Amino acid sequence: MLLSCILLGAQSCISRLRRPEITGVIVDYDRNPIANCKVGETLTDQNGKFKLAEQRYNAFFLTEIFAMEAPPLMVFEPVEKEGFEKDAISIFHKWGGGHRKGAKTNIDTIFLRKTNQTFNIATLLKDSDWKIGFNKSADTIFLVKNGFQEWCKTDRCSPFYSEYEGLVDNAYTGAKNLPKGMIRRSIDVRFEAEKSPVKINMICEYISTFDGPNRPPDTTNTRGSYQILNNSEMILDAGKIEQLTGKYYVSDVDLYQLKLTKAN
């Protein structure tokens with residue numbers, strides 16, 4: 001491609017972005033830097049820092065003119081270190097290939113999960129704020145801790161949030177999990193000390209049309225309690241939200257996410 005551009009003349013080609021300069025730091029869940037972690041084609045230094053150089057390519061100018069828009073930007077850089085679960089940095093922008101030379105992205109901090117990482121569920125929940133999504137039968141609950149999106153920078157955790165969104169927002173995701181006529185259901189939960197009250201605030205929003213009649217949002221404030229058993233089960237009393245009350249197994253856990261499956 002480059003040789004063809006030279007032959008046709010510099011004005012026949014246009015520079016496009018293949019990958020911006022990407023910088024960041026890799027740490028474990030205790031915030032200890034991870035040295036010699038492979039990120040794309042480079043390795044982190046002793047402080048866990050890395051930098052991937054900007055990459056560009058040349059495209060035919062006339063072809064770009066006929067396309068009428070900049071090309072997409074799609075970046076996938078594996079993150080690998082022995083003793084840790086594999087992960088990856090993904091970047092997508094519909095027209096990102098049109099960025100000018102010098103494009104930079106700072107990923108900030110990436111938390112790499114150790115192989116066979118364990119968690120104390122009671123400690124994870126104590127004195128913390130979460131959001132809840134649950135399916136129609138209320139036998140599966142997704143919990144997302146406040147700060148999830150600042151923590152989740154990689155491919156490993158992002159699918160969990162997508163599943164959660166499908167349970168709480170029909171309008172944005174196009175999912176059909178919520179009751180008929182409802183478009184959003186936002187549930188905020190405050191877990192205090194184990195066996196202490198759980199504070200729950202639920203707001204339900206409904207379809208609004210020009211013709212009406214339209215149902216205004218309704219709010220439920222309630223209190224309940226929770227208890228962790230053997231670090232693998234939870235007994236939840238959700239107060240007025242009775243469909244969530246019951247015994248659950250912990251089926252998935254990470255630093256900012258929790259999935260519960262109701263026991264039969």
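User: Is Val168 buried or exposed?
Analyst: Val168 counts as buried, at 11% relative accessibility. The cut-offs are under 20% relative accessible area for buried, over 50% for exposed and partly exposed in between, with a 1.4 Å probe and protein chains only. Bear in mind that this is a predicted model, where local features need pLDDT of at least 70 and side-chain atom pairs count only at pLDDT 80 or more, while totals for chains, interfaces and linings use all residues. Residues are numbered from 1 along each chain as its sequence is written, and side-chain values use heavy atoms, with hydrogens and water left out.

User: Ok, which helix does Val168 lie in?
Analyst: Val168 lies in helix α5. Helices (H or I, at least four residues) and strands (E, at least two) are DSSP runs, numbered from the N terminus.

User: And what is Val168 in contact with, leaving aside its neighbours within four places in sequence?
Analyst: With those neighbours left aside, Val168 is in contact with Ile132, Gly133, Leu178, Ile183, Arg184 and Arg185. Contact here means heavy atoms within 4.5 Å.

User: How many Å apart in space are Val168 and Cys204?
Analyst: They're 9.4 Å apart, C-alpha to C-alpha, and 36 residues apart in sequence. Cys204 is buried, with a relative accessible area of 4%.

User: Speaking of cysteines, how many disulfides does a search of the whole structure find?
Analyst: The search turns up 1 disulfide. Cys152 is joined to Cys157, S to S 2.0 Å; the cut-off for a disulfide is a pair of cysteine sulfur atoms within 2.5 Å.

User: What's the handedness of the disulfide of Cys152 and Cys157?
Analyst: The disulfide is right-handed, because the torsion about the S-S bond of Cys152 and Cys157 is about 100°. Both Cys152 and Cys157 are buried.

User: Switching to charges. How many salt bridges does the count come to?
Analyst: The count comes to 14 salt bridges, where a salt bridge is a side-chain nitrogen of Lys or Arg within 4 Å of a carboxyl oxygen of Asp or Glu. One of them pairs Asp129 with Arg190, with the closest N and O atoms 3.1 Å apart.

User: Why does the pair of Asp129 and Arg190 tie together separate parts?
Analyst: Asp129 lies in strand β10 (residues 128–134) and Arg190 in strand β12 (residues 182–191), so the pair ties together parts that are 61 residues apart in sequence. Asp129 is partly exposed at 32% relative accessibility, and Arg190 is partly exposed at 26%.

User: Which residue forms a salt bridge with Asp169?
Analyst: Arg184 does, with the closest N and O atoms 3.4 Å apart. That pair links distant parts of the chain, 15 residues apart: Asp169 is in the loop between α5 (158–168) and α6 (170–173), and Arg184 is in strand β12. Asp169 is buried, with a relative accessible area of 15%, whereas Arg184 is partly exposed at 31%.

User: What about Arg215, which side chain does it meet in a salt bridge?
Analyst: The side chain of Asp218, at 3.0 Å, N to O. Arg215 is exposed at 51% relative accessibility, while Asp218 is partly exposed at 23%. Elsewhere, salt bridges that share partners join Glu85, Asp87, Arg113, Arg156 and Asp254 into one network.

User: New topic: where does Thr222 lie?
Analyst: Thr222 lies in strand β14 (residues 218–229). Thr222 counts as buried, at 9% relative accessibility. A polar atom of its side chain lies 2.9 Å from the backbone nitrogen of Lys240. Leaving aside neighbours within four places in sequence, the contacts of Thr222 include Val198, Ile200, Ala238 and Lys240.

User: Last one, how many cavities of 30 Å³ or more does the structure hold?
Analyst: There are 2 of that size. The largest cavity has about 50 Å³ of space, and its lining includes Ile132, Phe191, Val198, Ile200, Met234 and Ala238. Strands β11 (140–145), β12, β13 (197–206) and β15 (233–237) each supply at least two residues of that lining. A cavity is a set of points, on a 1 Å grid over the protein atoms alone, where a 1.4 Å probe fits but cannot get out, and lining residues have an atom within 4 Å of a point. Grid points are joined across faces, edges and corners, and a volume is the space filled by probe spheres set on the points.

Conventions. A polar contact is a pair of N or O atoms within 3.5 Å; within protein, one must be able to donate a hydrogen and the other to accept it, and residues adjacent in sequence count only if both atoms are side-chain atoms. On a 1 Å grid over the protein atoms alone, a cavity is a set of points where a 1.4 Å probe fits but cannot get out, and a pocket is an open set with protein on both sides within 12 Å along at least five of seven lines; lining residues have an atom within 4 Å of a point.
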